[in-house]
Amino acid sequence: TSLKWRKSFGVRDITEESCRCIIDKKYTYARNADLNGSPLIFIHFKHHDKSASDEAQKYFVYILEQLYFEELGRKTVIVVDMNHARISNVDMTFVSFIINVHKHYYPDSLSYLLCYGMSFIFNAFWIICKKIMGAESTKKVIFVKKADLPSYIAPDQLSIDFGGTDQWDYEATNSTGDN
């Protein structure tokens with residue numbers, strides 16, 4: 001099933017250049033590691049545009065593939081930044097895709113997911129996500145505030161926006177977080 005999906009989705013054909021519109025929006029990137037050494041994938045929903053959902057999906061898979069080979073199959077941590085996101089940024093198609101990709105095509109690749117800055121406005125969104133995810137996957141979701149982040153990620157691995165000390169500049173780098 002996974003091989004059929006990989007072929008139909010065109011995983012081998014996805015390149016950084018083919019995802020340029022998402023990269024330019026500073027929407028998603030891999031950078032640093034958590035306290036256990038698991039690579040981090042940041043998703044900033046405030047930059048998400050529902051009309052680019054297909055491109056966002058491809059870019060997400062591109063990052064997963066890059067990390068899988070660079071990190072030799074090490075589990076990843078996803079940091080979902082809901083800070084400053086609006087209802088118009090929430091895309092159930094993209095969120096369902098992230099959930100299903102981990103559930104069906106990259107099983108056991110997700111260590112946990114940190115949901116940062118989610119306001120009460122998104123409670124209905126979370127209820128829907130829980131139904132899609134199922135009980136086992138839901139256990140991997142942790143809601144955090146800025147003060148909680150150092151329990152999972154060292155300050156030198158977090159950008160200043162998250163209360164850390166990493167002064168990395170997205171503008172001067174490529175998508176995999178390398179300078």
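**View 1. The largest cavity and the residues around it.** Leu64, Leu67, Tyr68, Gly73, Arg74, Thr76, Tyr106 and Ser109 form the lining of the largest cavity. A cavity here is a set of points, on a 1 Å grid over the protein atoms alone, where a 1.4 Å probe fits but cannot get out; lining residues have an atom within 4 Å of a point. The model is predicted: local features need pLDDT of at least 70 and side-chain atom pairs count only at pLDDT 80 or more, while totals for chains, interfaces and linings use all residues. Residues are numbered from 1 along each chain as its sequence is written, and side-chain values use heavy atoms, with hydrogens and water left out. The volume of the largest cavity is about 60 Å³, a volume being the space filled by probe spheres set on the points, which are joined across faces, edges and corners. Helix α3 (residues 53–70) supplies the largest share of this lining, three residues. Helices (H or I, at least four residues) and strands (E, at least two) are DSSP runs, numbered from the N terminus. By class, the lining has four nonpolar, three polar and one charged residue. Ala, Val, Leu, Ile, Met, Phe, Trp, Tyr, Cys and Pro count as nonpolar, Asp, Glu, Lys and Arg as charged, and the others, Gly among them, as polar.

**View 2. The second largest cavity.** A search of the whole structure finds two cavities of 30 Å³ or more. Strand β1 (residues 28–33) contributes the most, three residues. Four lining residues are nonpolar, three polar and two charged.

**View 3. The largest pocket.** A pocket is an open set of grid points with protein on both sides within 12 Å along at least five of seven lines. The largest pocket has a volume of about 420 Å³. It is lined by 26 residues, and Ile98, Ile99, Leu113, Met133 and Val141 are the closest to its centre. Two or more lining residues come from each of β3 (76–81), α4 (92–105), β4 (110–116), α5 (123–133) and β5 (141–144). Of these, α4 gives the most, with five residues. The lining has 20 nonpolar, three polar and three charged residues.

**View 4. The second largest pocket.** This pocket holds about 330 Å³ of space. Among its 18 lining residues, Tyr29, His44, Lys46, Ser159 and Asp161 lie nearest the centre. The lining divides into six nonpolar, six polar and six charged residues.
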